[in-house]
Amino acid sequence: DYKHEPGIYPGDDVVVHGLIAKPEYNGMVGVVGEKLETGRISLTLRSEKKVLTIKPENIYCIGVFCRSRRNKSRVFECAHGLEVCTECYFDFSTVNRLAKFKYSGEDITISFVINQVSEAYFSSVKGDDKDGVFEGVEGWPAECFGMEQHLKQRFVLKALLKTKNDLSVCAVVARAAFVTYGGLKNLHLRTNAHLEVVARKL
């Protein structure tokens with residue numbers, strides 16, 4: 001059951017997929033614009049500043065939701081309302097810890113603080129990477145290791161990783177949360193440089 005209704009909302013970062021006529025745009029991140037009378041969605045690509053109009057079924061939503069709390073730090077979670085979700089392949093634990101520190105007035109852009117948050121979290125969980133051997137998959141970034149059973153999430157993460165232009169807060173949070181979840185089972189993913197980008201965005 002969903003706590004947050006997944007949908008395509010104006011201003012959101014989304015990922016293009018499944019285009020047949022223009023496959024070169026598949027795997028690109030775009031910002032949602034207006035919904036046209038034809039039912040298509042106007043999308044401005046982050047990397048090319050080009051505007052596409054595509055069908056909703058050719059859009060993958062990133063699936064990160066930010067919940068504001070009165071007199072408390074905001075909380076990031078998946079569509080199910082969970083901080084750690086096996087189905088969504090998300091772990092927001094470190095991101096939400098940084099958000100809490102930010103709310104309390106700490107400078108979370110300092111590398112020491114980021115590393116401390118990450119190390120404290122992973123020291124409290126047990127990894128399943130017994131031999132520590134990393135075998136990459138051709139065509140996929142190292143951060144996508146272990147996501148073979150989560151094809152949509154892997155596709156979205158690859159798109160977020162290769163987008164060099166500025167992304168929304170929820171997009172950079174998604175990138176870090178995907179990698180943090182991967183770090184629960186794969187030790188080589190526990191050094192999560194993407195948390196630094198989150199810290200600058202929060």
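This is a predicted model: local features need pLDDT of at least 70, side-chain atom pairs count only at pLDDT 80 or more; totals for chains, interfaces and linings use all residues.
Colleague: Which residue forms a salt bridge with Lys3, and which parts of the chain does the pair tie together?

Modeller: The partner of Lys3 is Glu77, with N and O 3.5 Å apart. Lys3 lies in the segment before β1 (13-16) and Glu77 in strand β7, so this pair ties together parts that are 74 residues apart in sequence. Helices (H or I, at least four residues) and strands (E, at least two) are DSSP runs, numbered from the N terminus.

Colleague: Is Glu77 buried or exposed?

Modeller: Buried means under 20% relative accessible area, exposed over 50%, and partly exposed in between (1.4 Å probe, protein chains only). Glu77 counts as buried because its relative accessibility is 3%, whereas Lys3, at 48%, counts as partly exposed.

Colleague: With which other residue does Glu77 form a salt bridge?

Modeller: Glu77 also pairs with Arg67, the closest N and O atoms being 3.2 Å apart. Since Glu77 lies in strand β7 and Arg67 in strand β6, the pair ties together parts that are 10 residues apart in sequence. Arg67 has 29% relative accessibility and so counts as partly exposed. Lys3, Arg67 and Glu77 are thus linked in a network of salt bridges.

Colleague: How many bridges join β6 to β7?

Modeller: Two strands pair if DSSP finds at least two bridges between them. Here, 4 bridges join β6 (residues 65-69) to β7 (residues 72-77), and these strands run antiparallel. Arg67 of the salt-bridge network stands opposite Val75 in β7.

Colleague: What phi does Asn71 take in the hairpin of β6 and β7?

Modeller: Most residues other than glycine have a negative phi. In this hairpin, which has 2 residues between the strands, Asn71 takes a positive phi near 60°. Asn71 is exposed, with a relative accessible area of 63%. Tyr89 likewise has a positive phi near 60°; it lies in the loop between β8 (84-85) and β9 (90-91). At 5% relative accessibility, Tyr89 counts as buried.

Colleague: Where do Lys201 and Asp166, which form a salt bridge, lie?

Modeller: In this salt bridge the closest N and O atoms are 3.1 Å apart. Lys201 lies in helix α5 (residues 194-201) and Asp166 in the loop between α3 (151-162) and α4 (169-183), so the pair ties together parts that are 35 residues apart in sequence. Lys201 is partly exposed at 27% relative accessibility, and Asp166 is exposed at 53%.

Colleague: Which residues form a positive surface patch?

Modeller: A patch is made of residues with over 30% relative accessible area and no salt bridge, like charges being joined within 9 Å. Arg69, Lys72, Arg97 and Lys100 form a positive patch. Lys100 lies in helix α1 (residues 93-103) and is partly exposed, with a relative accessible area of 48%.

Notes: Residues are numbered from 1 along each chain as its sequence is written. Side-chain values use heavy atoms; hydrogens and water are left out. Patches are made of residues with over 30% relative accessible area and no salt bridge: like charges are joined within 9 Å, nonpolar side chains (Val, Leu, Ile, Met, Phe, Trp, Tyr) within 5 Å. Accessible areas come from the Shrake-Rupley method with a 1.4 Å probe; for residues, only the protein chains shown count as cover. A salt bridge is a side-chain nitrogen of Lys or Arg within 4 Å of a carboxyl oxygen of Asp or Glu. Lys and Arg count as positive and Asp and Glu as negative; His and the chain ends are not counted. The place of a charge is taken as NZ of Lys, CZ of Arg, CG of Asp or CD of Glu.
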